[in-house]
Amino acid sequence: MAKHKIGWLPGDGVGRDVLEAAQIVLDKLALNAEYIHGEVGWHYWCTEGNALPERTVEMLKETDACLFGAVTSKPREDAERELLPELQNQGLAYQSAILQLRQKFDLHTNIRPCKAYPGNPLNYRSDIDLVVFRENTECLYAGVEFHPLPQEVIRTIAEHHGNAQKYVEMAPEDVAVSLRFITRQRCQSIAQQAFEYARHNGYASVTVVEKPNVTRETSGMMIREARRAAKRYSEVNFYEANIDHLCMWLLKNPQSYAVLVTTNLFGDIVSKMCVQLVGGLGFGASANIGDSYGLFEPIHGSAPRLAGKYQVNPIGIIRAVVMMLEYLHENDMARTLENAIATVLMEGRVRTQDMGGEASTIDIAKAIAERI
Ligand code: IPM
Ligand code: MN
């Protein structure tokens, strides 16, 4: 029996291209694993009304970790139009497969390292080394939204909060509401993990990124829990920054920051900013980790127009493989693969189009495999 069981979810669009690249490096590493392919993506929404069929969820429950490519999503009206005729008008609502996976497996911790590799011509500066810790299940991603806004909901809110009164008088279809849920336990957990990571990997600081001058209660809770965690890590500097100012400062002095910790939506936004500083979407990798499961993905989407063209940069997915190997305690293999990526980027002979070269997704994977 293989040592590891890995769920393999290419999804659609360029998700398939990049998982082919991932397989090339994993085969070269000779990881002792069984790869179990699962069905997920736009096709299953159109034909079954669910981008993440239940059989795929059941299959993943039998695995230790999962590698995920990308899945297309479209606005509500477009999604409904592409459903098979017999599935239409049944009240089916499109839900992103990756968001469903994060919720179903309670993958509460999202880690996005953004490091400037020497030799990458797309680096904004050469001395950037940022790691974003993003809470991954709550905040505006809790999925509690209203439109039209039911009268009894807004009336109850207005009874508890005078600021809501003006919305009671509006027509329900003229108001939409998304609720931002933040819990103390998840704030504690993400803050603790950010500090622990900084300590173990020698990062000088942790910056909590929020907006407590406006969202006083939710951001306030995150800040307070980060302050509490900071006391236990006196050797790590602790900074507090408002999200809007941090975006400016990140462009000005990205080298001054190290680990960033925040809630879900701010983490989504700030991590894209960080990744752009070190080469853009092709370089971003994301670990989604829960108490008993880990899912690893590149941060680029499915880019349907590029599907099957093998043009996208596979560094993101291959960095996701590095994080998956660490999660599986295959630390030697993780280091070997990380060094191989760094060598290929340093040499600069094989580059995809985003880096000004002509190499394909597969060429890069093969060049990295050769360095293993
Ligand atoms: C990401 C993505 C997802 C998110 C989308 C696809 C729902 O942008 O992983 O950053 O917003 O979390
Ligand atoms: Mn995002």
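The legends below describe close-up views of a predicted model.

**View 1. Residues around ligand 1 in the predicted model.**
The shell around ligand 1 is made up of Leu 99, Arg 102, Arg 112, Arg 134, Tyr 141, Asp 268 and Lys 272, and these residues divide into 2 nonpolar, no polar and 5 charged. Two helices, α5 (97-104) and α11 (264-277), each contribute at least two residues to this shell. The space that ligand 1 takes up is the largest pocket.

**View 2. Polar side-chain atoms facing the oxygen atoms of ligand 1.**
In the side chain of Arg 102, an N or O atom is 2.7 Å from an oxygen atom of ligand 1, while for the side chain of Asp 268 the corresponding distance from an N or O atom to an oxygen atom of the ligand is 2.9 Å. Lys 272 also takes part, with a polar side-chain atom lying 3.4 Å from an oxygen atom of ligand 1. Taken alone, ligand 1 would expose 320 Å², and the protein buries 73% of that area.

**View 3. Ala 226 in helix α9.**
Ala 226 has its place in helix α9, which covers residues 216-231. Its relative accessibility is 0%, and because buried means under 20%, Ala 226 counts as buried. Ala 194 is 32 residues away from Ala 226 in sequence, and the two C-alpha atoms are 9.3 Å apart in space.

**View 4. The cis peptide bond between His 147 and Pro 148.**
The peptide bond that leads from His 147 to Pro 148 is cis, with an omega near 0 degrees, whereas most peptide bonds are trans. Pro 148 belongs to the loop that runs between strand β6 (145-146) and helix α6 (151-160).

**View 5. Positive phi at Ala 303.**
Although Ala 303 is not a glycine, it has a positive phi of about 35 degrees. Most residues other than glycine have a negative phi. Ala 303 is placed in the loop between strand β12 (294-298) and helix α12 (315-327), and with a relative accessibility of 32% Ala 303 counts as partly exposed.

**View 6. Positive phi at His 329.**
His 329, likewise not a glycine, has a positive phi of about 60 degrees, and His 329 lies in the loop between α12 and α13 (331-347). The relative accessibility of His 329 is 66%, so this residue counts as exposed, the cut-off for that class being over 50%.

Technical notes. Residues numbered from 1 in each chain as written. Chains lettered and ligands numbered in written order. Predicted model: local features only at pLDDT ≥ 70, side-chain atom pairs only at ≥ 80, totals over all residues. Heavy atoms only, no water. Near = heavy atom within 4 Å. Polar contact = N/O pair within 3.5 Å; in protein donor to acceptor, adjacent residues only side chain to side chain. Areas by Shrake-Rupley, 256 points an atom, 1.4 Å probe, with all protein chains shown as cover. 1 Å grid on protein atoms, 1.4 Å probe; cavity = no way out; pocket = protein on both sides within 12 Å on 5 of 7 lines; lining within 4 Å. Sits in = over half its atoms within 2 Å of the grid points. Helix = DSSP H or I, 4+ residues; strand = E, 2+ residues; numbered from the N terminus. Nonpolar A, V, L, I, M, F, W, Y, C, P; charged D, E, K, R; others polar. Buried < 20%, exposed > 50% of the residue type's maximum accessible area, 1.4 Å probe, protein only.
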